[in-house]
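Open the model in your viewer and keep the selection tool handy.

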Amino acid sequence: MGIEIERKFLVVGEAWRAQAGRRVRMAQGYLNDHAAVASGAQKASVRVRIAGETAALNLKSRELGSMRQEFDYPIPLADAEALLALCVGGLIDKTRHYVTIGAHLWEVDEFHGDNAGLVVAEIELGAVDEAFERPAWLGAEVTGHARYYNLALAERPFAHWTPEEKEGC
């Protein structure tokens with residue numbers, strides 16, 4: 001069984017860009033909707049992602065917080081393209097920037113389209129209480145805030161948030 005321990009933060013400023021190494025454009029969508037997962041009617045999100053020239057099917061358990069079950073399976077690119085056409089809600093369009101800080105790799109997601117203006121950074125950890133270096137561009141932690149999950153952003157993009165919801169982003 002795959003376990004993911006991940007923390008998510010808002011990003012402030014542009015300093016992270018100079019530290020980014022590799023960048024990959026991604027398109028992803030969900031075969032189930034946020035409401036079904038949030039209500040408990042479904043216990044996992046089912047995501048299709050194309051990242052550059054690779055594709056994967058991903059299942060992630062519905063727990064809020066930093067630790068969830070996660071299963072990731074490579075699939076043919078043509079299958080992913082067909083599955084994206086079956087997704088509910090909108091598709092997520094983003095560029096993932098990989099930034100190494102200390103011993104950890106940060107994934108900084110810069111969203112495009114209806115989610116343009118939102119930039120979040122994620123770090124995967126080996127333990128819930130693992131210490132990590134916090135770069136100066138790291139803003140507020142949003143790990144437990146479901147609206148920042150890609151599944152929620154596919155259904156209700158950043159462009160549709162109220163000014164109060166966008167405050168601090």
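Rings of Phe, Tyr and Trp (its six-membered ring) pair if their centres lie within 6.5 Å, with planes under 30 degrees apart counted as stacked, over 60 as edge-to-face and the rest as tilted. This is a predicted model, where local features need pLDDT of at least 70 and side-chain atom pairs count only at pLDDT 80 or more, while totals for chains, interfaces and linings use all residues. Residues are numbered from 1 along each chain as its sequence is written, and side-chain values use heavy atoms, leaving out hydrogens and water.

Select F9, W106, F132 and W137: together they form one aromatic cluster.

Next, keep W106 and F132. Their rings sit edge-to-face, 5.7 Å centre to centre with 70° between the planes. W106 belongs to strand β7 (residues 104-111) and F132 to the loop between β8 (119-124) and β9 (138-141), so this pair ties together parts 26 residues apart in sequence. Helices (H or I, at least four residues) and strands (E, at least two) are DSSP runs, numbered from the N terminus.

W137 lies in the loop between β8 and β9, 31 residues from W106.

Finally, show the whole cartoon. The C-alpha trace spans about 40 × 35 × 30 Å along its principal axes, and 46% of the 169 residues count as buried.

Technical notes. Buried means under 20% relative accessible area, exposed over 50%, partly exposed in between (1.4 Å probe, protein chains only).
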